[in-house]
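Please look through the structure below with its sequence at hand.

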Amino acid sequence: MRSSVTLTVNALSYPVELGPRTSLLAAVRDAIGLTGAKEGCDDSECGACMMLLDGKPVNSCSYLALQAEGNEITTVEGLADDGELSPLQSAFLEHGGVQCGFCTPGMLISATALLQANPRPTEDDVRIALSGNLCRCTGYDGIVKAVLSVDRDVR
């Protein structure tokens, strides 16, 4: 049995028909067409699917889409402003925080949540906040440097 719901993603409303077991990741990627978040492990272990739900990071592969109705969902696509990369996205490019790019959407979402909660994180704060996101390419140093480099005044 499918349900009609409206999901608010990146401040836009999307009426969708979803099955009861549809994950938020599947709804956003397949029904809405925003493919930034990635399916890595499908078990909440890698963080590639991370999205913000009312400003809090969630593993969208294990969050039911029907539960997200009435909440504000932010994907990596929603971090840019009128086509301009956010300061954090630019910092990832400048500091080598992107290599293959598969983990990047989840890293950006987790780092965004951190910086919203703690505009002046320490290196340990950054590493802890990103501990739910796995990267096989960068060694994390470029990612951590990128998060720490973002000008606190533009956050």
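Predicted model: local features only at pLDDT ≥ 70, side-chain atom pairs only at ≥ 80, totals over all residues.

Residues are numbered from 1 along each chain as its sequence is written, and side-chain values use heavy atoms, with hydrogens and water left out.

Begin with the sheet. Two strands are taken to pair if DSSP finds at least two bridges between them. On these terms there is an open sheet of 5 strands in the order 2-1-5-3-4, with mixed pairing. Strand 2 (12-18) and strand 4 (56-59) are the edge strands, each pairing on one side only. From one strand to the next the twist averages 40°; axes are lines fitted to C-alpha atoms, for helices over the stretch in contact, and angles run from 0 to 180 degrees between N-to-C directions.

Strands of a sheet pair through backbone hydrogen bonds, either parallel or antiparallel. Strand 1 and strand 2 are antiparallel over 7 bridges, and Leu-7 stands opposite Tyr-14 in strand 2. These two strands form a hairpin with 2 residues between them, and Asn-10 in the turn has a positive phi of about 55°. Strand 1 also pairs with strand 5, in the parallel sense over 2 bridges; here Thr-8 stands opposite Glu-72. Strand 3 (residues 50-53) and strand 4 pair in the antiparallel sense over 4 bridges, with Leu-53 opposite Lys-56.

Helix 1 (residues 24-32) lies across strand 1 (3-9), strand 2, strand 3 and strand 5 (72-74), and runs at about 100° to strand 2. Helix 3 (residues 104-117) lies across strand 3, strand 4 and strand 5, at about 35° to strand 3. In helix 5 (residues 141-149), Gly-142, Ile-143, Val-144, Ala-146 and Val-147 are buried, where buried means under 20% relative accessible area, exposed over 50% and partly exposed in between (1.4 Å probe, protein chains only). The buried residues of helix 5 pack against helix 2 (87-94), helix 3 and helix 4 (123-129).

What, then, makes up the nonpolar cores? A nonpolar core is a set of buried Ala, Val, Leu, Ile, Met, Phe, Trp, Tyr and Cys residues joined through side-chain atoms within 4.5 Å. The largest has 23 residues, and those with the most contacts inside it are Leu-88, Phe-92, Met-107 and Val-147. Strand 3, helix 2, helix 3 and helix 5 each supply at least two residues of this core, and the largest share, 7 residues, comes from helix 3. Leaving aside neighbours within four places in sequence, Leu-88 is in contact with residues including Leu-108, Leu-115 and Val-147. A second, separate core of 20 residues includes Leu-7, Val-9, Ile-32 and Val-58.

Met-50 lies in strand 3 and counts as buried because its relative accessibility is 8%. Met-50 and Met-107 are 57 residues apart along the chain, yet their C-alpha atoms are separated by 7.9 Å. Ser-110, in helix 3, is buried with a relative accessible area of 5%. Beyond residues up to four places away in sequence, Ser-110 touches Met-50, Ala-129, Leu-130 and Asn-133. Asn-133 sits in the loop between helix 4 and helix 5 and is buried at 2% relative accessibility. The side chain of Asn-133 reaches the backbone oxygen of Gly-106 at 3.1 Å.

Last, the cysteines. A disulfide is a pair of cysteine sulfur atoms within 2.5 Å, and the count by this rule is 0 disulfides. For Cys-41, the nearest cysteine sulfur is that of Cys-46, 3.8 Å away; Cys-41 is partly exposed, with a relative accessible area of 32%. Cys-61 counts as buried, at 11% relative accessibility.

How values were computed:
Contact = heavy atoms within 4.5 Å. Polar contact = N/O pair within 3.5 Å; in protein donor to acceptor, adjacent residues only side chain to side chain.
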